[in-house]
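Here is a guided walk through one protein model. Keep the sequence and the 3D view side by side as you read.

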Amino acid sequence: MPKPRPLPAQLGAIFSVREAAQAGVAPSRLRRGDLERPFRGIRAVTALLSATDADTEAEADDEADAEVPPATAEPDPFTLQAEARRDLVRRYAPRLEGSQFISHESAAAMWHAPLPLTWTDAGAPASSSDLTVHVSTFGRGHLIRAEGVSAHRARHRTSRYTHVERIPVADPATTWASLGHLPLVDLVALGDYFCRVWRAGYGRPRAGTPPLSTVARLQAAIDAGRRTGIRRLREAVELIREDSWSPRESAVRCHLVFAGLPEPVLNQDVYDEHGRFVACADLAYPERKVAIEYQGVLHANSYAADVERLARLRAAGWVVIEVTATLLADPRMLVERVSAALRARP
């Protein structure tokens, strides 16, 4: 079989059948084996797709309201699933019409926001073939009826969108307010991410970067109209803080507060008696010198630095409680350990 004829360069790696027809591409060319059909009416050039995705991930989107923090370089189930969601969005994007935008979990993924894992019936993290792309439509425009798409109705009073990677995507406040079906702890972690203030401090990254949203904007989004999970959203917005650096830190804080313990300070800079910087504690009770450190899988590359940091805290007289994924999965035990440390430091 002869080699497929080159496609017009302006089509790029992902394009709609309509765009191809307008560029003069024959229908027979769109049936060739070098093109994928991720959605009805969409074609993707197999050989170029992975390279295009990598380039797009690295580019800053000058149309976005705020910079989207880059994804971590070390793959894990959360990162892989988020990348799968973004891949679905990019593949579907050429089919979006003027009244439509990416929303819900798909929008959260485009903002690189933390989401709980979606699981298959077999108990494995869902991959691209198991996930759907969420698309909202304003007004009375037709809702999408297509395999792999979750369609939603949007109202101008309650929904706003901006552009990420030149794709219309629900803005952070709209995205957060649309996810009231999530568990409370996940809603708080999501809100913490959107509202993080990148403060200056010893070794703190990206100081001065504007937050993606604010607590006031999230409150306005849930006040604008009816929402799924409105009671949970109202409870979550009161728990959002501006200094959480990770969803695991957010979860630890929530479990402690839910159990009635005092709320810890987030990312507390610790200095010795001579005013020299010792370390930054993930969560802390400074008056009792109790620090809580989450140790996740992604700490492997900085293991030695973490060991030294915790050693400095202990040498400065701090009690350090290390929280692993196993301990976080048992909130009762987590609370008991922190309670015991606080009782020992009256």
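Asp87 and Arg91 form a salt bridge, with their closest N and O atoms 2.8 Å apart. The term stands for a side-chain nitrogen of Lys or Arg within 4 Å of a carboxyl oxygen of Asp or Glu. The model is predicted: local features need pLDDT of at least 70, side-chain atom pairs count only at pLDDT 80 or more, and totals for chains, interfaces and linings use all residues. Residues are numbered from 1 along each chain as its sequence is written, and side-chain values use heavy atoms, with hydrogens and water left out.

Stay with this pair. Asp87 and Arg91 sit 4 residues apart in helix α3, so about one helical turn separates them. Helices (H or I, at least four residues) and strands (E, at least two) are DSSP runs, numbered from the N terminus. Both Asp87 and Arg91 are buried. Buried means under 20% relative accessible area, exposed means over 50%, and partly exposed lies in between (1.4 Å probe, protein chains only). Arg91 counts as buried because its relative accessibility is 13%.

Arg91 has another partner. Glu36 forms a salt bridge with Arg91, and here the closest N and O atoms are 2.7 Å apart. Glu36 lies in strand β2 and Arg91 in helix α3 (residues 77–92), so this pair ties together parts 55 residues apart in sequence. Glu36 is partly exposed, because its relative accessible area is 28%.

Now look at strand β2 itself (residues 35–36), which also holds Leu35. Is Leu35 buried or exposed? Leu35 is buried, because its relative accessible area is 5%. Which residues does Leu35 touch, leaving aside its neighbours within four places in sequence? They are Leu7, Phe15, Arg29, Leu30, Arg43, Ala44, Val45 and Thr46. Contact here means heavy atoms within 4.5 Å. Ile14 is 21 residues from Leu35 in sequence, and their C-alpha atoms are 9.3 Å apart in space.

Move on to the loop between α6 (184–195) and α7 (215–223), where Thr209 is found. Thr209 is buried, with a relative accessible area of 14%. A polar atom of the Thr209 side chain lies 2.8 Å from the backbone oxygen of Arg206.

Another salt bridge joins the side chains of Arg199 and Glu242 (3.1 Å, N to O). Arg199 lies in the loop between α6 and α7, and Glu242 in the loop between α8 (230–239) and α9 (247–258), so the pair ties together parts 43 residues apart in sequence. Arg199 is partly exposed, at 35% relative accessible area. Glu242 is partly exposed too, at 32%. The structure holds 14 salt bridges.

Next comes a sheet. Its 4 strands form an open sheet in the order β9-β10-β11-β12, with mixed pairing. Two strands pair if DSSP finds at least two bridges between them. β9 (265–271) and β12 (319–323) stand at the edges with a single partner strand each, so one side of each has no neighbour in the sheet. Neighbouring strands are turned by 45° against each other on average, direction ignored. Strands β10 (residues 277–285) and β11 (residues 290–294) pair in the antiparallel sense over 3 bridges. Tyr285 has Val290 in β11 as its bridge partner.

Helices meet this sheet. α9 packs on the sheet and touches β9, β10, β11 and β12; its direction makes about 50° with that of β10. Axes are lines fitted to C-alpha atoms, for helices over the stretch in contact, and angles run from 0 to 180 degrees between N-to-C directions. Helix α12 (residues 331–343) lies across β10, β11 and β12 and runs at about 175° to β12.

Terms used: Polar contact = N/O pair within 3.5 Å; in protein donor to acceptor, adjacent residues only side chain to side chain.
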